[in-house]
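This report goes through one protein model, from the chain as a whole down to single residues. The sequence and structure come first.

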Amino acid sequence: MRSTSGNERDQFSRMSRRSGAPEEPSEAVRVMLAYFSGMTDPRIDRTKLHSLHNIIVMALCGAIGGADGWDDLEEFSEERQEWFETFLEMPNGTPSADTFRRVFSALDPTEFEGRFRAWLTAFAGSLEGKVVAIDGKTLRGALERATQATALHLLHVWAAEQQVLLAHCAVEGAPGEIEAIPSLLKLVNVKGAIVTTDANGCTADVTKAVREAEADYLLALKGNRSTLHDHVRRLFVEAEERSYRGVATARSADQGHGREEQRVVRAMPLGELPENNHAEWIDLRTIVQIERTRTVAGETTCEREFFITSLPPLPKRIAKAIREHWSVENQLHWCLDVGFDEDRRRIRDQNAAQNFATIVRCALAMIKRTPLMLRGKVRSRGVAAKRKNAGWSTAYLLSVLTTGIAQD
């Protein structure tokens, strides 16, 4: 077992002074565990060889340091036992893989997520004018039984600029997202934000929930909302016939990796809803068309997409918000798949899979907040590399733990 060396402590001390983080793990853990005070422990007293707080701390540190399952958590905790003992009371040593599995299977996922949500939301700060993206992700390896056909599907509420997960919950696949979005919006303060969703979340109920939360919405519009979609498309066809006179327009372009793309964003007031509209779209103010022209390997394609929003027809602002929405895919979902290998994680119990997913999402938020420094220089490394370094170096693990907990 490896303890923290003097050189590592000195290195961390320099890093923490620059970041404003607490310099001792005991202080960092105290701050974190304040959010878990009074949490329901489902175990009977005679089975509590390890405190619930210890299990949560070790699981979080393990997830930061590369552990991706129960056996990994057992081995990580054993390897770091001497370090853990410097700030945790551990009369019975470290938990076994079966203990981690049983505890995470028994914990109430809603309560567990709520504790982490309260903690992580503090990282986001003000969301005024910021994009809050809502999107779902399927954990393909998380099946309750080996024969079960449906994997665990989580719906995420993501602060795009701050790169912080504000809330998440399990739903019955993509169709379950529609009912869950209004409920999730009641759990977080999105006042003044721009809430974005894909076409699955483009419903009148969502527009109502967003406006009740005192936020704006920007929703992708596709054929699943045929009445409104056909109406919006027809309005832009008419605008095209008059060469888009009077339509606010913004243009942009980029290229790289053998691809060139030009985008034209057009926004105009909706005016009247279609006569056969049966849904109450709250404060629907502006309709948007994005025209994308891509050239890849000499082949050019063109596509058009439509959006609805409560924002005024300011195409540059709208274009920026649409691009920021994809942060939920690039900075959350992709990082979970590549940095944490989430799709390959095999946890058969639904509660355990959801609770471990909560731990992983917290670990990701903390890793993203913590720079990797080697030999006094900040290194630009991805999530997987940072996890590997946290597994190698107690100093960096401590840096992630403390910087991740310290609020801006």
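## Cysteines

A search of the whole structure turns up zero disulfides. A disulfide is a covalent bond between the sulfur atoms of two cysteines. The model is a predicted one.

Cys202 counts as buried because its relative accessibility is 0%, where buried means under 20%. Cys362 also has 0% relative accessibility, so Cys362 counts as buried.

## Overall make-up

The protein contains 15 helices and eleven strands. Of its 408 residues, 53% count as buried. The exposed surface comes to about 19000 Å², and carbon and sulfur atoms supply 45% of that area.

Contacts between residues at least 6 apart in sequence can be sorted by separation: 66% of them join residues at least 24 apart.

## The nonpolar core

The largest nonpolar core has 127 residues. Phe84, Phe104, Val190 and Ile308 have the most contacts inside this core. Helix H13 gives the largest share of the core, twelve residues.

What does Val190 contact beyond its neighbours within four places in sequence? The partners of Val190 are Leu127, Val132, Leu185, Val195, Ala213, Glu214 and Ala215.

## Helix H13

H13 covers residues 350-369. At 1.5 Å a residue, its 20 residues should span 28 Å, and the end C-alpha atoms are 29 Å apart, so the two values agree. Most of the helix is covered, with 16 of the 20 residues buried. At the start of H13, a side-chain oxygen of Asp349 comes to within 3.1 Å of the backbone nitrogen of Asn351.

## Arg361

Arg361 lies in H13. Is this residue, Arg361, buried or exposed? Arg361 is buried, because its relative accessible area is 2%, and the limit for buried is under 20%.

The side chain of Arg361 makes a polar contact with the side chain of His156, at 2.9 Å. Not counting residues up to four places away in sequence, Arg361 touches Lys137, Leu139, Leu154, His156, Leu165, His168, Leu336 and Glu342. The C-alpha atoms of Arg361 and Phe340 are separated by 9.6 Å, and the two residues are 21 residues apart along the chain.

## Helix H3

H3 runs over residues 52-64.

H3 is mostly covered, since twelve of its 13 residues are buried. The buried residues of H3 include Leu52, Asn54, Ile55, Ile56, Val57 and Met58. Also among them are Ala59, Leu60, Cys61, Gly62, Ala63 and Ile64. After H3 comes Gly66, which has a positive phi, near 110 degrees.

## Lys386 in helix H14

Lys386 is part of helix H14, which covers residues 383-392. With a relative accessibility of 10%, Lys386 counts as buried, because that value falls under 20%.

Which residues does Lys386 touch, not counting those up to four places away in sequence? The list for Lys386 is Ile367, Lys368, Thr370, Pro371, Leu372, Arg381 and Tyr396.

Key:
Residues are numbered from 1 along each chain as its sequence is written. This is a predicted model: local features need pLDDT of at least 70, side-chain atom pairs count only at pLDDT 80 or more; totals for chains, interfaces and linings use all residues. Side-chain values use heavy atoms; hydrogens and water are left out. Helices (H or I, at least four residues) and strands (E, at least two) are DSSP runs, numbered from the N terminus. The expected span of a helix is 1.5 Å times one less than its number of residues. Buried means under 20% relative accessible area, exposed over 50%, partly exposed in between (1.4 Å probe, protein chains only). A polar contact is a pair of N or O atoms within 3.5 Å; within protein, one must be able to donate a hydrogen and the other to accept it, and residues adjacent in sequence count only if both atoms are side-chain atoms. A nonpolar core is a set of buried Ala, Val, Leu, Ile, Met, Phe, Trp, Tyr and Cys residues joined through side-chain atoms within 4.5 Å. Contact means heavy atoms within 4.5 Å. A disulfide is a pair of cysteine sulfur atoms within 2.5 Å. Accessible areas come from the Shrake-Rupley method with a 1.4 Å probe; for residues, only the protein chains shown count as cover.
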